[in-house]
Structure formats: structure tokens, C-alpha cells
Amino acid sequence: MPELPEVETIRRQLAPLLEGRRLAALEISDPRWCMPLAPQELRDALEGRRIERLGRRGKYLVWELQDEAFLLAHLRMTGTMLYDPPPATPYERVRFRLDDGHDVRFCDPRRFGTGELALGRPAVDAFFAARVGIEPLSEELDGAALARMARGRRAPVKAFLLDQRHVAGVGNIYADEALFRARLHPLRPAGSLKRAQWDALAGAVRAALTAGLDAGGATIDDFRHADGVSGAFQDEFLVHRRDGEPCPQCGGTVVKLVAAGRGTYVCETCQPRPRRPRRPRRAPQGGR
Ligand SMILES: [Zn+2]
């Protein structure tokens with residue numbers, strides 16, 4: 001699934017090609033993309049407007065059109081936004097025709113990607129306030145903010161990181177990479193981390209995402225850049241999908257386990273397992 005670096009890579013490629021252009025036509029061939037709105041409702045709201053800015057919030061691409069009409073597009077599992085792809089590119093669901101004759105196509109084999117409409121800045125703010133937390137590449141992300149959100153939480157720290165309402169844009173790849181960099185086991189209860197560990201994790205999240213961005217994102221299944229090229233970050237993973245291979249830090253073996261319901265990759269030498277919580281002492285017998 002595309003995570004922050006993948007979505008940001010697409011945004012950076014498309015923004016200069018889209019900004020200032022007019023959306024001449026919006027052709028939605030799969031109505032499921034914009035449900036519960038009908039395709040015609042999106043066309044009425046967006047067609048003919050100038051594209052002011054292509055932004056991003058978490059894993060959402062934010063098309064900001066003239067007079068505060070916003071299209072909030074999520075790629076989900078397999079979505080790609082392709083600029084002038086070859087004519088017979090499969091799995092097309094939406095075509096954005098620009099006034100300069102070029103077009104962007106949203107292609108999505110598994111059809112989980114979505115397009116949602118928000119009219120006016122307050123509507124966008126409310127949309128994201130309910131769904132996404134801190135932008136990890138912004139100043140907001142630091143150990144204090146993470147520690148505050150995690151206070152008292154017993155969920156594993158990996159589940160904490162994957163929850164988009166805490167840190168926006170971190171998914172399975174970058175959670176594994178960040179926890180390894182911070183030398184934290186993914187199954188540690190979030191509320192048990194010390195402040196210095198949160199500081200380390202904040203830095204590690206930023207470092208992992210930046211490494212991903214520098215490599216143009218990771219391509220594992222379907223992710224492609226806007227020009228159809230694959231990302232290269234999968235070649236630079238430290239631990240993600242490297243089970244059985246040597247840990248780049250200590251030479252031990254990377255293992256795969258399940259945390260937060262997801263395949264998770266760790267070096268249990270560098271990232272020591274949390275101690276099991278002590279069993280509660282048995283209640284005294286008798287006297288019922
Ligand atoms: Zn190691």
C-alpha cells in the first residue's frame with residue numbers, strides 16, 4: 001500500500017504539471033470511487049475549475065480547486081495516478097482531462113481507492129481532523145507529542161504507529177523501518193516507552209520516511225510514479241521483508257512475526273522483546 005513517501009513522490013511529480021491548469025473534464029468510469037456521491041455530483045462541483053494546488057495530508061492527495069473546492073483522493077492498496085499513460089493502460093477508474101490536452105488517470109486493480117469531495121476550507125479541516133494526526137515531516141512530530149498520545153495505552157507500539165489518527169502516513173513498511181532504527185520491539189506496549197525512546201522514535205520515523213522519499217518510494221506490488229516508473233526504496237529496506245537475512249546493525253538474523261495483525265520484521269537482538277507481564281498472583285482459595 002502506498003504510504004507517505006509514495007504519495008508524496010506522486011504529488012511532487014504531478015504538482016508542477018497540474019497547478020494552474022483547468023480541470024476540463026472528470027470522467028469517472030467506476031462510480032464506486034466516489035460513493036456515496038454520484039459521479040455527476042463530482043463533475044458538477046469540480047469541472048471547469050482551475051487547479052490551484054496539489055497538496056497532501058497523510059496518505060491523501062488533496063486537489064485544491066478554484067474557490068475552495070477540494071477533491072480528497074486516497075490510493076488505498078493498489079491505486080496509481082498516471083500522467084499521460086499509454087492508451088490501453090488497464091484498471092482505469094477515473095480520468096482527469098486537463099485544459100492543455102494532457103490527462104491524469106487513476107488506475108486501481110483492486111478498486112479500494114476513493115475520491116471524496118469537500119467544499120470550503122472548514123469542511124476539509126473537519127474531514128482531516130477526524131481522520132489523520134500529526135504530519136510526520138512537520139515540526140509537530142516530536143517525542144513529547146508521541147508520549148502524550150500514547151499515555152496509558154497498552155496496544156503494541158506498532159499498532160500505535162499504524163493508527164493514522166496518531167501519525168499520518170506511516171504504514172507497515174515505514175513502521176517496521178522506524179522501530180528498527182529506534183531499536184524498539186514492535187510488540188512493546190506503547191504506554192511503556194520512556195521519553196527518550198519516544199524522542200528516538202520521532203527521529204526514526206522522520207529518518208525512515210525521508211529515506212523512502214529520497215528513493216522515490218517503495219514498489220512492492222503496484223505502486224508506480226506518475227510516469228509509470230517504479231520506486232527503489234524496496235532495495236534499501238533495513239528489515240522490512242528481510243526475514244532470514246542478516247541484520248544490517250548486528251549481523252543477527254531478521255525474523256518475521258505478527259504485530260498489529262500485520263507481517264512485521266525485526267531483529268530481536270537490536271530490538272529486545274518486551275518482558276512478559278508478570279502473571280497476577282492466584283487469588284486465595286476457599287471462603288466462597
Ligand atoms: Zn540486529
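Cys247 counts as buried, at 4% relative accessibility; buried here means under 20% relative accessible area, with exposed over 50% and partly exposed in between (1.4 Å probe, protein chains only). Cys267 is buried too, with a relative accessible area of 0%. Residues are numbered from 1 along each chain as its sequence is written, and the model is a predicted one, in which local features need pLDDT of at least 70, side-chain atom pairs count only at pLDDT 80 or more, and totals for chains, interfaces and linings use all residues. Side-chain values use heavy atoms, leaving out hydrogens and water.

Both cysteines belong to a metal site. The zinc ion has Cys247 (SG), Cys250 (SG), Cys267 (SG) and Cys270 (SG) as its protein donors, 2.2 to 2.4 Å away. Donors are N, O and S atoms within 2.8 Å of the metal (3.2 Å for Na, K and Ca), and water is not among the atoms, so sites may look incomplete. The four donor atoms make angles of 100 to 116 degrees, and the zinc site is tetrahedral, a label given to four donors if all angles lie between 85 and 135 degrees. For comparison, the ideal angle for four tetrahedral donors is 109.5 degrees. Along the sequence, the spacing of the donor residues reads C-x2-C-x16-C-x2-C. Cys247 sits in the loop between helix H7 (195-214) and strand E9 (255-259), while Cys267 sits in the segment after strand E10 (262-266), so the pair ties together parts that are 20 residues apart in sequence.

Now for the chain as a whole. Its secondary structure comes to seven helices and ten strands, taken as DSSP runs numbered from the N terminus (helices H or I, at least four residues; strands E, at least two). The C-alpha trace spans about 75 × 50 × 35 Å along its principal axes, and 50% of the 288 residues count as buried. The chain exposes about 14,100 Å², with 48% of it supplied by carbon and sulfur atoms; these areas come from the Shrake-Rupley method with a 1.4 Å probe, and for residues only the protein chains shown count as cover.

Strands E3 (residues 60-65) and E4 (residues 69-74) share six bridges in the antiparallel sense, and Glu64 stands opposite Phe70 in E4.

The other open sheet, also antiparallel, has four strands in the order E1-E6-E7-E5. Its edge strands are E1 (23-28) and E5 (80-83), each pairing on one side only. E1 and strand E6 (residues 92-98) run antiparallel and are joined by five bridges, with Ile28 opposite Val94 in E6.

Strand E6 also holds Arg93, which is buried, with a relative accessible area of 2%. Beyond its neighbours within four places in sequence, Arg93 is in contact (heavy atoms within 4.5 Å) with residues including Glu27, Asp30, Trp33, Phe106 and Asp108.

Definitions and conventions: Pairing = 2+ DSSP bridges. Tetrahedral: all angles 85-135°; square planar, octahedral: opposite > 155°, others 65-115°.
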